[in-house]
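User: I have a model open and would like to talk it through before I set anything up. Can you take me around it?

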Amino acid sequence: MDKYFTLILTIIFNTCAHLLLKASAMKSGGLTNFNISGIKSTYLQPVFILGLCCFGISVLFYNQTLAKIKLSYAFPLLNSSAYILVLISAYFIFGEVISCL
């Protein structure tokens with residue numbers, strides 16, 4: 001695979017993972033009861049598991065990217081791109097307010 005294609009896939013899966021985990025947290029309300037049923041209802045949701053899978057896939061593509069691109073180039077590009085995509089997506093999907101802070 002092309003080195004930039006794997007980096008783009010890393011960014012996409014990383015962004016999707018963040019959005020899915022946010023959706024899961026909003027649906028469950030977070031971990032309110034630290035017991036077996038609270039853990040099950042919070043962390044065994046399909047949306048949460050899908051978010052974790054996206055992170056896992058992102059890591060696999062990132063490993064392939066690092067085999068072809070310098071870390072000093074890939075890391076800032078991944079994080080800055082994912083930051084911008086999550087920021088814009090959260091505004092449109094969740095209605096979050098974008099502020100200077």
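**Starting from one serine**

Analyst: Leaving out residues up to four places away in sequence, Ser89 touches Leu19 and Phe94. Please keep in mind throughout that this is a predicted model.

User: Which helix does Ser89 lie in, and is Ser89 buried or exposed?

Analyst: Ser89 lies in helix 4, and because its relative accessibility is 18%, under the 20% cut-off, Ser89 counts as buried.

User: Which other residues of helix 4 are buried?

Analyst: Besides Ser89, the buried residues of helix 4 are Ala74, Leu78, Ser81, Ala82 and Ala90, and the buried residues of this helix pack against helix 1 and helix 3.

User: How do helix 1 and helix 4 pack, in terms of angle and axes?

Analyst: Helix 1, which covers residues 3-28, packs with helix 4 at an angle of about 40 degrees, and their axes are 9 Å apart. The two count as oblique because that angle falls between the 35 degrees below which helices are roughly parallel and the 65 degrees where roughly perpendicular begins. The crossing of helix 1 and helix 4 is right-handed.

User: What is that contact made of, by class?

Analyst: The contact of helix 1 with helix 4 has 16 nonpolar, six polar and one charged residues. On the helix 1 side the residues include Leu7, Ile11, Thr15, Leu19 and Lys22, and among those they meet in helix 4 are Leu77, Ser81, Leu85, Ser89 and Ile93.

User: And what about helix 3 against helix 4?

Analyst: The axes of helix 3 (residues 46-66) and helix 4 come within 10 Å and cross at roughly 145 degrees. Tyr62, Thr65 and Leu66 of helix 3 make the contact with Leu71, Ala74, Phe75 and Leu78 of helix 4, and by class these residues divide into six nonpolar, one polar and no charged.

User: Back to Leu85 for a moment: is it buried, partly exposed or exposed?

Analyst: Leu85, which has its place in helix 4 (residues 71-94), counts as partly exposed, because its relative accessible area of 35% lies between the 20% and 50% cut-offs. Leaving aside neighbours within four places in sequence, Leu85 is in contact with Ile11 and Thr15. Leu85 and Thr15 are 70 residues apart in sequence, yet their C-alpha atoms are 6.6 Å apart in space.

User: How far does helix 4 reach, and what follows it?

Analyst: Helix 4 has 24 residues and reaches 32 Å from its first C-alpha to its last, which is close to the 34 Å expected at 1.5 Å a residue. Gly95 follows helix 4, and the phi of this glycine is positive, near 70 degrees.

User: Changing topic, where does Gln45 lie, and what does it touch?

Analyst: Gln45 lies in the loop between helix 2 (36-43) and helix 3, and at 7% relative accessibility Gln45 counts as buried. Not counting residues up to four places away in sequence, Gln45 touches Ser24, Lys27, Ser28 and Lys40.

User: Last one, what does the protein look like overall?

Analyst: The protein has four helices and zero strands, and its C-alpha atoms fill a box of roughly 45 × 35 × 20 Å along the principal axes. Of the 101 residues in the protein, 27% are buried. Among the contacts with a separation of 6 or more, residues 24 or more positions apart account for 71%.

How values were computed: Residues numbered from 1 in each chain as written. Predicted model: local features only at pLDDT ≥ 70, side-chain atom pairs only at ≥ 80, totals over all residues. Heavy atoms only, no water. Buried < 20%, exposed > 50% of the residue type's maximum accessible area, 1.4 Å probe, protein only. Contact = heavy atoms within 4.5 Å. Axes fitted to C-alpha atoms, helices over the stretch in contact; angles between N-to-C directions. Parallel < 35°, antiparallel > 145°, perpendicular 65-115°, else oblique. Left-handed = near helix turned anticlockwise from the far one by under 90°. Nonpolar A, V, L, I, M, F, W, Y, C, P; charged D, E, K, R; others polar. Expected span 1.5 Å × (residues − 1).
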